[in-house]
Amino acid sequence: MKNILILPGDGIGPEVTRQAEKILGFFNRKKNIFNITHANLGGAAIDEFGNPYPKQTQELAEKADAILLGAVGGPKWDKLESSIRPEKGLLAIRKHLGLFANLRPAIVYDELADASTLKKEVVSGLDILIIRELTGDVYFGEPKGIEQTPEGRKGYSNMIYYDYEVTRVAKVAFDLARKRGKKVCSIDKANVLACSELWREEVIKVHQSEYKDVELSHMYVDNAAMQLIRNPKQFDVIVTGNIFGDILSDEAAQLTGSLGMLPSASLGNANQGKCNALYEPIHGSAPDIAGKNVANPIATILSLAMMFKYSFDMQEAGDNVESAVKKFLAAGFRTADIMQDKCTKIGTEEAGDKILKNLEQLYS
């Protein structure tokens, strides 16, 4: 039995994870293979326990074979002290489980090539993978804080990387590149940042010692931001640090037409045959549309497909979920965020139902 922990979270999180649960229910009806539990993270956990990552959730996370997360955050909790805001729960679970490698694919489906704000010929056929280091950098560097000085209030966050942190995420990038186009672009700011200088040096060491069969290039982050818009198809696998990856992956998401289309996987080191893993759409909690049945569930459903492939070695199941999504798009159904002319606009629940029906037909 495979143990899956679902963390619906805040805003549209419960709505989109509910659609992924429909997929899990289908596979359980075929063969009872998933044991599903639920817990709170983020704002929902603050409301219940006064803590964005309570002990109850921590214990369930440690036992899970994989975790599916909806989204966290919202204006309801913005006035809380920063250490207990919803986003701190997300950072905490990543650190607690050692989820150092965040995989963010950016794929443009043929049916959505016109949905991008860029020209169709620029994005058509796009298939890139951004690998973002997830447990280091300015989000975790110490010391950090805000203090009063004679010159005025000072805020500081340290950008820090250890060599082993760079090495392990670089190996993930090179390993995945071997299964794709055998091409990695490492993105940094080594011309001005000592932290990035170390990053580049360590990536080169890993490449030279173990991965000479993979092409390695380097690019400064400001140029990379421009190149993602100018010529995104020049990239295959991108590996970069936490803050650069956060920004660039959201930029890449817009190439696909909507944040609602992009899944992600956050992976840790294997330990006694078990690899901690958390899967989530890259979009936020979108509190402005929560409860209105308009959110796009595709990114969450595709995150589940990644879970099947990376955590459970269920390649066929993952491929079939992706095929069900493609058939949904080919049939002209769209949620509000990806709506196009001559297409049929539907809501969250109906989108989940139609994708499930497509999946069922693949097994009939």
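**Helix packing and its surroundings**

Tutor: Helix α6 (residues 163-178) and α7 have axes that come within 9 Å of each other and cross at roughly 50°. The angle makes α6 oblique to α7 (under 35 degrees is roughly parallel, over 145 roughly antiparallel, 65 to 115 roughly perpendicular, and the rest oblique). The model is a predicted one, in which local features need pLDDT of at least 70 and side-chain atom pairs count only at pLDDT 80 or more, whereas totals for chains, interfaces and linings use all residues. Residues are numbered from 1 along each chain as its sequence is written, and side-chain values use heavy atoms, with hydrogens and water left out.

Helices (H or I, at least four residues) and strands (E, at least two) are DSSP runs numbered from the N terminus. Axes are lines fitted to C-alpha atoms, for helices over the stretch in contact, with angles from 0 to 180 degrees between N-to-C directions. The crossing of α6 and α7 is right-handed, that is, the near helix is turned clockwise from the far one by less than a right angle. On the α6 side the contact (heavy atoms within 4.5 Å) is made by D163, V166, T167, V169, A170, K171, F174 and R178. Their partners in α7 are L198, W199, E202, V203, V206, H207 and E210. By class, the residues of this contact comprise eight nonpolar, two polar and five charged (Ala, Val, Leu, Ile, Met, Phe, Trp, Tyr, Cys and Pro are nonpolar, Asp, Glu, Lys and Arg charged, and the others, Gly among them, polar).

K182 is located in the loop between α6 and β8, and has a positive phi of about 55° although it is not a glycine. K182 is partly exposed because its relative accessibility is 39% (buried is under 20% relative accessible area, exposed over 50%, partly exposed in between, with a 1.4 Å probe and protein chains only). Further on, K189 occupies the loop between β8 (183-188) and α7 (194-210). With a relative accessibility of 17%, K189 counts as buried. The K189 side chain makes a polar contact at 2.9 Å with the side chain of D222 (a pair of N or O atoms within 3.5 Å; within protein, one must be able to donate a hydrogen and the other to accept it, and residues adjacent in sequence count only if both atoms are side-chain atoms). Once neighbours within four places in sequence are set aside, K189 is in contact with S196, Y220, V221, D222 and F244.

Other helix pairs can be described in these terms. Two packed helices are described by the angle between their axes and the distance between the axes. For helix α1 (residues 13-30) and helix α10 (residues 298-310), the axes come within 8 Å and cross at roughly 40°. From α1, the residues V16, T17, Q19, A20, I23, L24 and F27 meet T300, I301, L304 and F308 of α10. This contact divides into eight nonpolar, three polar and no charged residues. V16, found in helix α1, is buried, with a relative accessible area of 0%. Apart from residues up to four places away in sequence, V16 touches H283, A295, N296, P297 and T300.

Helix α11 (residues 315-330) and helix α12 (residues 348-362) have axes that come within 8 Å and cross at roughly 120°. α11 and α12 are therefore oblique to each other, in a right-handed crossing. In α11, N320, V321, S323, A324, V325, K327 and F328 meet A351, K354, I355, N358, L359, Q361 and L362 of α12. The residues of this contact are eight nonpolar, four polar and two charged.

Finally, some backbone geometry. Most residues other than glycine have a negative phi, and most peptide bonds are trans. Besides K182, whose phi is positive, D137 has a positive phi near 75°. D137 lies in the loop between β5 and β6 and is buried, at 2% relative accessibility. P143 is placed in the loop between β5 (127-133) and β6 (144-149), and the peptide bond from E142 to P143 is cis, with omega near 0°.
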